[in-house]
Amino acid sequence: MSEADEQKAIIAYFRKAYPMHMASLRVSANGIHRGKGVAAMRRIAKEKAQGFVTGEADIAILLPRGGYGCLLIEHKSDEAMRGATAEQLIYILYHNSIGNRALVTKGVSMAIATIDEYMQS
């Protein structure tokens with residue numbers, strides 16, 4: 001299953017398990033294909049001007065729980081050979097240093113377990 005498909009499954013789970021908290025859910029647009037060439041460069045420049053953050057986590061649950069301000073998940077496919085990038089790790093370290101819970105998950109079951117643990121704390 002691709003990373004995109006896994007993220008869809010995670011979001012579908014959250015919607016079903018926590019429908020009352022859908023307004024707290026955010027997903028990153030970082031993984032969206034922006035095309036090639038000058039048009040893509042213009043889109044990226046516009047996104048940066050509007051607040052695009054390099055390394056932003058894939059999934060954010062903007063709901064305080066268990067002493068944390070929010071939960072941020074950088075998700076990797078269960079089949080992925082690569083881990084988080086340097087920018088993603090910097091993002092995670094920053095958020096952990098200011099009182100959020102930020103981490104990398106691998107596979108749908110790990111992400112769901114992380115979400116459930118957070119939501120029940």
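**Aromatic cluster, nonpolar cores and a buried aspartate**

Y13, F14 and Y18 form one aromatic cluster in this predicted model, where local features need pLDDT of at least 70, side-chain atom pairs count only at pLDDT 80 or more, and totals for chains, interfaces and linings use all residues. Residues are numbered from 1 along each chain as its sequence is written, and side-chain values use heavy atoms, with hydrogens and water left out.

Rings of Phe, Tyr and Trp (its six-membered ring) pair if their centres lie within 6.5 Å; planes under 30 degrees apart count as stacked, over 60 as edge-to-face and the rest as tilted. The structure holds three aromatic pairs. The ring centres of Y13 and Y18 are 6.5 Å apart with planes at 80°, so this pair is edge-to-face. For F14 and Y18, the centres are 5.4 Å apart and the planes at 40°, so the pair is tilted. Both F14 and Y18 are buried (under 20% relative accessible area, with exposed over 50% and partly exposed in between; 1.4 Å probe, protein chains only). Y13, at 25% relative accessibility, counts as partly exposed.

F14 is also among the residues that touch the most other members of the largest nonpolar core, which has 15 residues. Such a core is a set of buried Ala, Val, Leu, Ile, Met, Phe, Trp, Tyr and Cys residues joined through side-chain atoms within 4.5 Å. Its largest share, four residues, comes from helix 4 (helices are DSSP runs of H or I, at least four residues, and strands of E, at least two, numbered from the N terminus).

D58 lies in the loop between helix 2 (37-49) and strand 2 (59-61). A polar atom of the D58 side chain lies 2.8 Å from the backbone nitrogen of H75.

Terms used. A polar contact is a pair of N or O atoms within 3.5 Å; within protein, one must be able to donate a hydrogen and the other to accept it, and residues adjacent in sequence count only if both atoms are side-chain atoms.
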